[in-house]
Amino acid sequence: MDELKKMRNGELYDFSKTEVQHSFSEGRRKLKRLNETSVDSPEYRTALEDLIPGVPRTATVLPPFFCDHGHGIRLGEEVFVNFNCTFLDSGLITVGARTKIGPNCQLYTPQHPVDYLERRLPKETGLPITIGEDCWLGGGVVVCPGVTIGDRCVVAAGSVVVRDIPADSLAAGNPAEVKRRLK
């Protein structure tokens, strides 16, 4: 199995391998093109669709935007991603329909080995992040590897989400905790 397939399967993979480095390089090229546009420029939609395959026409990602690959991001209908967000997509990042992501949010899927000797090697895993439908992440939210945020959640600005948040919850803090149920 090649390293990109291992990466997408959440297995330990070698990010120094040619196919992964090529994917990083292509991602940077496509990001540059997107980040040189604005949402009202004629080139915007083509640049966004080139970076994030299958992105719905109703989804909006405001430049500047940052990611590793682009092909690991899945956005639902009417998703809105505000300025200056970072989606490190070695693991899949899935954002449900009508979800709003505030400025400066960071979604991190890479997980490096805890053992320092293993961490010296160019290896990591990519743990998926899933954000449900109709969610709102306030500005500056950080979502850590492997986290699932259920449908209709609100995550307060500046929160750091290190564990799953059940549907219909308001979460806040560092680490983010459910403060109350929304239904």
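This report covers a nonpolar core, an aromatic pair and a set of paired strands.

The model is predicted, so local features need pLDDT of at least 70, side-chain atom pairs count only at pLDDT 80 or more, and totals for chains, interfaces and linings use all residues. Residues are numbered from 1 along each chain as its sequence is written, and side-chain values use heavy atoms, without hydrogens and water.

**The core**

The largest nonpolar core has 37 residues. Such a core is a set of buried Ala, Val, Leu, Ile, Met, Phe, Trp, Tyr and Cys residues joined through side-chain atoms within 4.5 Å. Buried means under 20% relative accessible area (1.4 Å probe, protein chains only). Phe-65, Phe-87 and Val-161 are among the residues with the most contacts inside the core. Helix 3 (44–51) gives the largest share, 4 residues. Helices (H or I, at least four residues) and strands (E, at least two) are DSSP runs, numbered from the N terminus.

**The aromatic pair**

Phe-65 and Phe-87 are both buried. They form an edge-to-face pair, 5.1 Å centre to centre, with 70 degrees between the planes. Ring centres of Phe, Tyr and Trp (its six-membered ring) must lie within 6.5 Å to pair; planes under 30 degrees apart are stacked, over 60 edge-to-face, the rest tilted. Phe-65 lies in strand 3 and Phe-87 in strand 6, 22 residues apart.

**Paired strands**

Strands pair if DSSP finds at least two bridges between them.

| Strands | Sense | Bridges |
|---|---|---|
| Strand 16 (residues 154–155) and strand 18 (residues 169–173) | parallel | 2 bridges |
| Strand 18 and strand 19 (residues 176–181) | antiparallel | 5 bridges |

Ala-171 is the bridge partner of Val-155 and stands opposite Val-178.

Definitions and conventions
Buried means under 20% relative accessible area, exposed over 50%, partly exposed in between (1.4 Å probe, protein chains only).
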